[in-house]
Amino acid sequence: MFSTSKRMRALVASSAAALLLAGCGARAGDDTAAAGSSAAASCVDTSGATIKLGFLNSLTGGMAISEKTVSNVLHMAADEINASGGILDKKIEYVQEDGATDWPTFAEKTEKLLTQDCVAAIFGGWTSSSRKAVKPVVEKLNGLFFYPVQYEGLESSPNIYYTGATTNQQIIPAMDFLASKGVKTLFLAGSDYVFPRTANAIIKLYAAKLGIKIVGEEYVPLDKDDWTSQVAKIAAAKPDFIFNTINGSSNVGFIKAYYDAGLTPAKTPIISVSIAEEEAPAMGHEVTGNYASWNYFQSLKTDTNPKFIESWKAYPNSSGVTSDPMEAAYISLYLYKSLVEAAGSFDVDKVNAAAKAKPITFDAPEGKVTLDGENHHISKPGHIGRINADNQFDIVWASDKFIEPDPYLEGYDWFPADIRKQLTDAAG
Amino acid sequence: MAPLLNGSAQGALLLLAALGLSLTFGQMGVINMAHGEFLMIGAFSAYLVQQVISASDLSIPVALPVAFVVAGLFGLVLEVTIIRWMYRRPLDTLLVTVGVGLILQQAALQIFPSQGVPVEKPSWLDGQLTVLGYGWPLRQVFTILLASVCVAVLSAWLKYTSFGRRIRATVHNRDLAETAGISTRTVDRLTFFVGSGLAGVAGVAASLIGGTNSQMGAQYIIPAFLVVAAGGIGQLKGTIIAAWAVGVALAFFAYWTTGSLAQVLAFILVIVFLQLRPQGLFTVRTRSLV
């Protein structure tokens with residue numbers, strides 16, 4: 001009964017999304033037709049001493065809370081690359097656009113950046129909704145989009161490069177960590193949208209394989225902070241661990257309700273996939289002692305991390321701490337540089353061919369990442385950190401090697417093909 | 001038992017957010033969509049007070065009056081510069097105040113860390129009160145007490161002071177009140193100050209329950225308006241009952257179903273109620289013909 005109603009909801013949501021995307025796609029297509037079939041490819045100007053790139057982040061509206069930092073770190077990476085000679089000896093000239101936390105705006109601005117500003121590639125986005133709004137436009141106009149945030153996977157596009165984690169690089173390592181701690185019961189708490197629902201569907205399948213029992217599952221709308229009623233249910237269920245896929249400010253309310261209910265990291269710890277160095281300070285001491293699963297932490301000891309942290313701290317308007325999504329955004333620009341240099345051209349098809357020709361790598365702050373030329377994701381190390389009193393993370397677990405990206409979870413036998421199809425369709 | 005207690009606390013926070021609206025919307029007919037941002041201003045005031053008085057045991061009690069005054073002053077400035085040109089044009093106040101709200105949000109985003117700031121709760125709110133076997137978080141008890149005090153002070157002020165009488169007279173019949181020698185301009189300004197100040201107090205309570213960031217106001221504004229409308233415009237007791245009912249309904253629905261569905265069900269309930277009784281729970285009886 002419950003799963004049927006959820007499926008119905010997914011069906012309605014996906015058909016609504018399909019309608020929306022169809023609308024955007026058609027509009028983008030019309031414009032291309034009007035401007036000539038190869039307008040996008042020919043309009044990028046590579047004759048001058050500069051190359052135009054587009055940055056598309058929400059600088060206003062609800063998501064500005066997170067996306068402002070991504071925009072800032074992209075500016076920093078562009079400044080760094082320019083200081084060291086640019087890309088193919090061309091200085092980056094960036095066009096910053098505001099997605100305004102509005103998905104149709106993301107689609108419109110993508111079209112504007114590609115057809116009017118004639119940028120060679122676009123960097124940005126945060127929510128899956130923004131990415132799904134951009135996707136049909138870059139595919140129609142044959143543009144390039146670099147997306148820097150961990151997400152629910154089950155997607156790949158010839159026109160999108162994903163530098164954040166897919167599920168097998170964040171969710172699955174988190175579950176492996178829980179299994180290594182001997183966790184027997186798990187409660188799932190999430191915001192009500194595509195990422196937590198897909199992540200939890202995957203968690204439930206893997207938990208069954210690991211012998212972990214799911215004792216409850218709760219969702220609250222993304223824009224609601226009050227978690228008291230749901231936390232009361234969690235306290236009653238007494239799970240060994242809470243898997244937290246809540247996003248944004250709602251996390252603060254969740255942590256406060258958790259603390260108030262007398263739950264503690266000693267007895268009922270939380271593992272989160274959206275609380276990083278940027279978010280933890282807003283929760284004060286009440287979040288201390290809980291866990292998070294990311295690929296990058298500021299506390300990571302790698303050769304390149306100290307320089308990254310130092311540059312960011314010195315950068316104007318910086319938040320002073322580094323975190324996973326901003327590191328992924330930083331990677332995205334450098335990865336593009338490596339791709340273009342390997343291709344010897346800014347042409348999208350040549351860049352994509354270069355990605356397939358030989359492995360493109362980058363010495364990222366999280367370690368040396370390698371691009372998968374087929375699915376356009378990158379290899380990443382899995383890390384679990386424990387939040388300390390300074391709102392930094394003590395690394396308590398690491399994957400034994402870099403995890404190859406597997407957005408469709410094809411290498412996991414517990415993930416059945418019919419569920420893959422169902423979730424992929426539901427995600428639109 | 002748990003949903004009833006949790007719901008009462010949720011209702012109390014809703015009531016705090018709605019109290020100011022019941023003055024500015026209920027009594028003055030101004031649709032102030034920036035009310036949520038006044039609430040945000042109150043929450044940030046609590047944070048700023050905490051920067052000065054680092055001991056949170058003391059800073060929260062200090063923050064309450066500070067937030068009241070700061071948010072009230074913002075309201076006063078809004079009234080003096082914009083709202084006063086728009087009395088009797090509720091639709092225009094709605095549009096203008098949506099814009100003011102967006103400006104305040106963006107300003108907060110520029111000034112404070114974009115992910116929001118922590119407001120530490122006082123240690124005397126740590127722990128729980130055991131009621132019939134349920135550990136009721138003290139933070140919730142505090143919200144209810146705070147709402148009760150605000151309601152008591154506000155209703156006493158409206159009922160027993162000359163200013164309160166002037167406000168009530170203006171609400172009942174603005175022209176007649178003016179004829180009787182009441183400066184309705186002064187009344188308007190003061191009402192707006194108090195209404196906005198109450199949003200500031202609500203903001204302090206909200207900062208103890210959820211996040212303090214530029215977006216926090218948005219989640220309270222629509223439920224608060226619904227509560228004022230369901231309670232009966234201009235009726236304090238209606239607002240109180242409606243806020244409590246919505247809070248408890250939310251908690252029970254959340255207990256039986258999920259958090260998302262609870263929001264939908266609770267507000268369907270309010271809308272159905274308003275369909276059946278558009279004037280709300282209680283109505284103001286006046287002799288005016290309109």
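Biologist: Helices (H or I, at least four residues) and strands (E, at least two) are DSSP runs here, numbered from the N terminus. On that basis, what share of residues 62-82 of chain B is helix, and how far apart are the end C-alpha atoms?

Modeller: Keep in mind that this is a predicted model. In it, residues 62-82 of chain B are 95% helix and 0% strand, and 30 Å separates the end C-alpha atoms of the span.

Biologist: Where does the "transmembrane region" annotation fall in chain B?

Modeller: The unreviewed UniProt entry puts it on residues 12-31, 62-82, 94-112, 141-158, 190-210 and 216-233 of chain B.

Biologist: And how much helix is there in residues 216-233 of chain B?

Modeller: That span is 78% helix and 0% strand, and its end C-alpha atoms lie 25 Å apart.

Biologist: I see helix 9 of chain B there. At what angle does helix 9 pack with helix 11 of chain B?

Modeller: Helix 9 (residues 218-231) and helix 11 (residues 259-276) of chain B pack at about 35°, and their axes are 10 Å apart. The crossing of these two chain B helices is left-handed.

Biologist: Which residues of helix 9 and helix 11 of chain B meet?

Modeller: From helix 9 of chain B come B:Leu226, B:Ala229 and B:Ala230, and they meet B:Phe267, B:Val270, B:Phe273 and B:Leu274 of helix 11 of chain B. The class count for this contact is seven nonpolar residues, with no polar and no charged ones.

Biologist: What joins strand 1 to strand 2 in chain B?

Modeller: Four bridges do, linking strand 1 (residues 128-131) and strand 2 (residues 134-137) of chain B in an antiparallel run. The two chain B strands make a hairpin with two residues between them, and B:Leu132 in the turn has a positive phi of about 50°. B:Thr130 has B:Gly135 in strand 2 of chain B as its bridge partner.

Biologist: Switching to chain A, how is it divided into domains?

Modeller: Domain 1 of chain A covers 19-164 + 305-370, and domain 2 covers 167-299 + 382-427. The C-alpha centres of the two chain A domains are 28 Å apart.

Biologist: What is the strand order in the five-stranded sheet of chain A?

Modeller: The order is 2-1-3-4-5, in an open sheet with parallel pairing. Strand 2 (91-98) and strand 5 (160-162) of chain A are the edge strands. Strand 4 (residues 145-147) of chain A is joined to strand 5 by three bridges, and A:Tyr147 stands opposite A:Tyr162 in strand 5.

Biologist: Which strands does helix 11 of chain A lie across?

Modeller: Helix 11 (residues 324-343) of chain A lies across strand 3 (122-124), strand 4 and strand 5, at about 165° to strand 3 of chain A.

Biologist: And the seven-stranded sheet of chain A: is its pairing parallel, antiparallel or mixed?

Modeller: The pairing is mixed, and the order of this open sheet is 7-6-8-9-10-13-14 in chain A.

Biologist: Why is one side of strand 7 and of strand 14 of chain A left without a neighbour in the sheet?

Modeller: Strand 7 and strand 14 (393-398) of chain A are at the edges with a single partner strand each, so one side of each has no neighbour in the sheet. Further in, strand 9 (residues 270-272) and strand 10 (residues 291-294) of chain A pair in the parallel sense over two bridges, with A:Ile271 opposite A:Tyr291.

Biologist: Where does helix 8 of chain A sit?

Modeller: Helix 8 of chain A lies across strand 6, strand 7 and strand 8, running at about 175° to strand 7 of chain A.

Biologist: Last one: how many residues of chain A and chain B are in contact?

Modeller: 33 residues of chain A contact 34 residues of chain B. Helix 3 (64-83), strand 7 (213-220), helix 8 (228-237) and helix 9 (250-260) of chain A each supply at least two residues of the chain A side. That side divides into eleven nonpolar, eleven polar and eleven charged residues.

Technical notes: Residues are numbered from 1 along each chain as its sequence is written. Chains are lettered from A and ligands numbered from 1 in the order in which they are written. This is a predicted model: local features need pLDDT of at least 70, side-chain atom pairs count only at pLDDT 80 or more; totals for chains, interfaces and linings use all residues. Axes are lines fitted to C-alpha atoms, for helices over the stretch in contact, and angles run from 0 to 180 degrees between N-to-C directions. A crossing is left-handed if the near helix is turned anticlockwise from the far one by less than a right angle, and right-handed if clockwise. Two residues are in contact if their C-beta atoms, placed from the backbone, lie within 7 Å. Ala, Val, Leu, Ile, Met, Phe, Trp, Tyr, Cys and Pro count as nonpolar, Asp, Glu, Lys and Arg as charged, and the others, Gly among them, as polar. Two strands pair if DSSP finds at least two bridges between them. UniProt positions are given in the numbering used here, feature names are shortened, and annotations may be inferred rather than shown by experiment. Domain bounds come from an automatic or database domain assignment.
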